[in-house]
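Have the structure open as you read.

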Amino acid sequence: MKCRCFSNLCRRNLLKCTIQKLQTVNFPLIDLSSMVDTGKPLKLMQDCAAYSTLETVNYNNDQGINKVSLAKSLACLVDESPLTEKICKTRMELKRLIEIRIKKRVKEQYVDGKFHDLMAKVVANPMTLRDAYLSIKLNSNISLAYEDDDIFSESIAEELLNGNFDVNANTFSISTKGKKNETLVLPNIKLRVVQEAIRIVLEIVFRPQFSKISHGCRSGRGHHSAGRYICKEIHNVDWWFTLHVNKKLDQSILDKLFSTMEEKIEDSNLFCVIREMFDAQVLNLEFGGYPKGHGLPQEGILSPILINIFLDLFDHEFYKICMRYEALGFDVSVDRGGSHSKLRSWFRRHMKDGDHRHPNVENTGLRLHACRYMDEIFLAVSGTKDVALRFKADVMNYLQNSLHLDLQDQTEVLPVVGPQGIQFLGTLIRTGVRESPAIRTVHKLKEKVQLFASQKQKAWDLGTIRIGKKWLAHGLKKVKESEIKHLADCNSGLSKISHFRKAGMETDHWFKVLLKVWVQDINAKAENHEEIVLSKYISEPALPQELRDSFHIFQERAKEYVSCETALTLALLPNSSTTTQSITITEIVAPINVIKKRLLRYGLINSEGHPRPVSSLILQDNTQIVDWFSGLSNRWLRWYSECINFNEVKLIIVNQIRKSCIRTLAAKHRMHETEIEKRFEMELTGIPSTQEMDLEVVDEMSDSQFSYDNQALIYGISYSGLCLLSLARIVSTSRPCNCFVMGCSAAAPGVYTLHVMERQRFPGWKTGFPAAIHPSLNRRRIGLCKQHVRDLYLGHISLQSINFGAWR
């Protein structure tokens, strides 16, 4: 009993001592009001902040309670410490929290299978508008630590609730100069906030129903997942083709889109606001025309989700077509005799999500495959060409008649077998042959035998040459001894032929004459090298006959094994039942020639293919120049990382982009290239310098706080095209300028001119540069702070984050 009381007393004294020491430490105060509302974590922090450890301990002591643990008290102190500010570290995590908060409000409106009053209860909620503005700031790579009340979320919410929000009043237009007048209508910051709120709501409502064949601007489903889906999920196809959709928005498409959305949402006010955006032309929904998902300003932030909602009708229709062709036996070549139902097998296969994971599922006969990335559609058929043509006609008929889209009928159904391949997502998709494991084992064994035999041959040649050289040295020594009287042997052969030596002839000359006579005697003039003569005619005849025969027999047997047919070698393997059939695989190839053409167009190389300086970048800072080249290389490495010829892309980066960067810096500073490499060694680490560099090294060089996995949250940022900026002027006090990036209030030290270099139409090759930027933005001047110039070059923000209406 005494020991227990003594233990409690020690514990109480230790606790008091610890608290007294902690009270003397000056912890920085936390302003909870300035932190982002993250839901439960913030409520927990507020509860812990209101909870005083010292008061609790004193209260417990007064009540005679001695069961307060030191761990519990220290845990509360940790919650009160500044470490809680690091709950959210990355932009991705913050955007997920924002979406989770809005998702709770959206789910509360789900009644009887539909979402009701989303505009009044969710979009027009000031908290939702505030979250949407925070999402815009995260897209602009702006910290959320600073409060910003410039968006007037309360006034916007009131206007939306009352139906007084004027879409046209919150837009601005930019027109091109010249005969061909093209106008681009863009939203201001208030309308951009409303669009972002609607986008998040639509993502929450419709994202769960999207098909697995749909990729692009979705969580975990980008262009890499589309390529992996084609390579891993689509097997044993005979024909493939792509469909080029080309249609601008009209009333029929708009009515079809709203009727589709009304199946899940019952809210006339929401549809009215979206329709007003279409009427004001601030919401662009153009199928084809330019590649989607690259963060182009004219595309807008609502276009991706609306395109996916509209084309999700095609995704579901594709499964209906698959069921008609595969399960109901439209292909007459398929054997109809069977003990089980084909329809049941079709449902079983699609429910189990793929044949390769379940080998017991039937995997024969006609198969249809599809993969869609936004408005790019890839289709493949396992069957006859007649079936492929009929399938193409059915798909085109549905897209034209049901979805009211225009198609280019020039698309041909191409055979899979062949080197030409098919273009999809800016890459070339083709088939290749992968050898079976048994054949690869045989070829590897042959390579090892050939390597071992060549090593032995090399060792044999080196040894015999060494013996021959020693023989030459010994002969020269004997010639020199014959010239010395007390060492000369009168009966030797050299003494007998010494009368043929001319008067005054040097010893070396006389020795060469003797060697020439010897070579003529053995008929060795046909040999290509002197070392071969020494090895073949001097060393080898002196070796034992058994040694020579065994070595030559080994070399002959090794050559016979290497040159023999693979089938004969497979028969000698212990496990002869191993499959020896080659496997046909699908490969993704990067367009090397197209990449080089873009380098020529952007001035990184000359017409002969040699790197050259980019004159438009010379007036910019050194770090900005390096960031521009680093952003281009990182874009290519990310986009083409899974291509079969990725090493060629890395070689271009090493030989062309890095060298062009060095020459640009050399032209700016008027220094030699070697001196530039030494001076900017640390800055140039952002651009790979060796062919053997790995993709992981490039990922480490990129911003560790930026993730490219979720295209639904970072749409238009991860693969935004690199734009070319030239310095227009330096900002002075007489002509001030702020940064044009939405949510940024920093002063811009310089004004830059945007150059539109790419105006290609859809479909286009993805080459790291922006495709089809609207021509009205050509030579448009924008003010940018140094941080956002870097972010734009490195791909941390896109052109959609820039407010082009700051100067009008």
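Helices here are DSSP runs of type H or I with at least four residues, numbered from the N terminus. One thing to keep in mind is that this is a predicted model.

**Salt bridges**

Side chains of opposite charge can pair when their charged atoms come close. How many salt bridges does the structure hold? The count is 14. Three of them are set out below.

| Pair | N to O distance |
|---|---|
| R101 and D131 | 2.7 Å |
| R199 and E196 | 2.8 Å |
| E673 and K659 | 3.1 Å |

Take R199 and E196, whose side chains meet in a salt bridge. Because these two sit three residues apart in helix α9 (residues 189-206), about one helical turn separates them. Are R199 and E196 buried or exposed? Both of them are buried.

E673 and K659 also meet through their side chains in a salt bridge. E673 belongs to helix α25 (residues 673-679) and K659 to helix α24 (residues 646-669), so this pair ties together parts that are 14 residues apart in sequence. E673 is partly exposed, because its relative accessible area is 21% and partly exposed covers the range between under 20% (buried) and over 50% (exposed). K659 counts as partly exposed too, at 27% relative accessibility. Turning to shared partners, salt bridges join E99, E196, R199, E203 and R207 into one network.

That leaves R101 and D131, with their salt bridge at 2.7 Å, N to O. This pair links distant parts of the chain: R101 is in helix α5 (residues 91-107), while D131 is in helix α7 (residues 126-139), 30 residues apart. Both R101 and D131 are buried.

**Charged patches**

Now for the surface. Which residues form the positive surface patch? They are R434, R440, K444 and K448. Helix α16 (residues 437-482) gives the largest share of this positive patch, three residues. K444 has its place in helix α16, and K444 counts as exposed because its relative accessibility is 53%, where exposed means over 50%.

There is a negative surface patch as well, made up of D117, E262, E263 and E266. Where does E262 sit? E262 is found in the loop between α11 (251-261) and β7 (265-266). With a relative accessible area of 41%, E262 is partly exposed.

**Strands**

Five strands make an open sheet with mixed pairing, and their order is β5-β8-β9-β6-β10. At the edges are β5 (214-215) and β10 (414-415), each of which pairs on one side only. Strand β6 (residues 239-244) runs antiparallel to β10, and two bridges join them.

Elsewhere, strand β3 (residues 171-175) pairs with β4 in the antiparallel sense over five bridges. Which residue of β4 is the bridge partner of F172? That partner is L186. Strand β4 (residues 183-187) is mostly covered, with four of its five residues buried.

Notes: Residues numbered from 1 in each chain as written. Predicted model: local features only at pLDDT ≥ 70, side-chain atom pairs only at ≥ 80, totals over all residues. Heavy atoms only, no water. Patch = residues over 30% accessible without salt bridge, like charges linked within 9 Å, V, L, I, M, F, W, Y side chains within 5 Å. Areas by Shrake-Rupley, 256 points an atom, 1.4 Å probe, with all protein chains shown as cover. Salt bridge = Lys/Arg side-chain N within 4 Å of Asp/Glu carboxyl O. Lys, Arg positive; Asp, Glu negative; His and termini not counted. Charge placed at Lys NZ, Arg CZ, Asp CG, Glu CD. Buried < 20%, exposed > 50% of the residue type's maximum accessible area, 1.4 Å probe, protein only. Pairing = 2+ DSSP bridges.
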